[in-house]
Amino acid sequence: MAMRRLPLVMVCAALLLAITASSMAAAPAKLTVWAMGAEAQKIGQMTAKFEKANPGIRVTVQAIPWSAAHDKIITAVAGGTGPDVAQIGTTWMAEFGSIGVFEELSRYISKSKAVEKGQFFPGSWGTCVVVGKVYGIPWYVDTRALFYRTDLLAAKGFKQAPRTWEELRAAAAALAADGGFGMALSTNNYQEFMPFVWQNGGRILDEKGRPAVTEPEFIEALDFYAKLFHDKLAPIDSGGTDLFQEFAKGTMPMYFSGPWMINLTNEQVPEIAGKWSVAVCPKKKARTSFVGGCNLVVFRDSKNKDAAWRFIEFMSDAGNQLEWFGVSGCLPAAKASWDAAELSGNPMMAVFREQLDDAQAPENVPQWAQIEAAIQRRVQEACYGKKTAAEAARALEADIKAIR
């Protein structure tokens with residue numbers, strides 16, 4: 001009797017194993033994504049679309065405040081508790097990429113039909129590359145252009161935005177003659193200062209990673225920048241200033257900023273609608289601006305790297321990047337997204353598209369945060385007249401040598 005029951009027991013066991021195996025195979029992969037700031041509140045629309053297209057993957061988004069993000073990443077690396085995918089600011093790529101926090105993505109890119117270098121803006125792609133290795137894919141970009149009062153410039157005889165450094169200074173001087181300032185600038189914001197260096201052919205580091213800030217191009221750029229403050233064409237201390245109101249009053253009728261200021265200006269000071277516009281940066285040797293934004297990375301310790309890459313491919317699609325722009329206002333990193341009417345048909349956004357073709361990121365080195373602080377300190381000394389441009393450059397050179 002027992003002998004006759006044995007095959008039935010074995011059949012039942014085999015069926016149970018098959019059902020269990022089938023259930024395990026059908027279990028969705030769980031993908032954890034870290035998103036920062038406002039993006040974390042808005043990315044749900046995109047993850048829901050991704051899950052619909054990839055029913056075998058479930059995405060959990062963890063919101064991380066920008067103020068806590070850096071320390072959170074360090075803690076996660078130490079404890080092996082990182083996510084599968086994370087949003088990373090462009091200036092953090094070298095610091096974490098150089099110590100092996102992120103997965104190197106070249107093998108994924110080589111097999112991908114959705115991601116390749118040429119689909120992104122060169123400056124943005126460059127932020128993903130650390131010592132020749134690719135550790136991220138551009139998600140969104142930002143850059144800076146010149147906001148200016150068309151009516152006030154026209155009243156001073158300028159029929160268009162300043163196209164050169166000389167025209168910028170001349171326009172600022174003419175505008176400041178009415179008792180305000182010609183433009184708003186920061187004494188301690190490298191994102192406003194560095195474009196002047198790049199426009200003049202300058203740099204922070206040379207090809208061997210040594211400081212290049214005592215080269216004539218850097219000193220000339222710093223001298224030009226500092227004199228805008230010395231000559232009261234820009235306010236030396238604008239802390240607490242309401243830029244929108246100053247722009248509307250004409251006391252700060254030019255400034256450099258990003259595309260988010262378009263809607264904010266329309267909302268904050270609607271009374272000057274039609275009296276202002278944006279233009280690409282004035283030229284010395286080039287019209288280079290700053291490029292920043294965020295990239296998407298795969299953490300090296302992820303157990304779901306193939307699913308993580310599939311998510312990055314999805315977010316890199318030009319159509320999805322355009323949709324993300326509609327959701328978040330973040331500028332697409334994929335160039336093809338800019339062909340859509342939402343962007344190409346908007347004259348002001350078209351200016352930012354043009355600027356992105358000549359936009360540069362800071363040097364992608366692990367010590368950038370310390371170098372950035374040193375730049376801001378020495379530029380401020382030059383702007384306040386505590387050091388000449390040459391003296392500030394030599395002090396910065398010593399700073400960088402100590403940092404590197």
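Predicted model: local features only at pLDDT ≥ 70, side-chain atom pairs only at ≥ 80, totals over all residues.
Which residues lie nearest the centre of the largest pocket? Residues are numbered from 1 along each chain as its sequence is written, and side-chain values use heavy atoms, with hydrogens and water left out.

**View 1. The centre of the largest pocket.** Tyr 140, Val 141, Asp 142, Trp 260 and Gly 293 lie nearest the centre, out of 33 lining residues. A pocket here is an open set of points on a 1 Å grid over the protein atoms alone, where a 1.4 Å probe fits, with protein on both sides within 12 Å along at least five of seven lines; lining residues have an atom within 4 Å of a point. The space inside comes to about 720 Å³, counted as what probe spheres set on the points fill, with points joined across faces, edges and corners.

**View 2. What builds that lining.** Helices (H or I, at least four residues) and strands (E, at least two) are DSSP runs, numbered from the N terminus.

**View 3. The second largest pocket.** This one has a volume of about 250 Å³. Its lining has 15 residues, with Ala 184, Ser 186, Glu 192, Leu 243 and Phe 256 nearest the centre. Helix H10 (190-199) and strand S8 (254-257) each give two or more residues, and S8 gives the most, with three.
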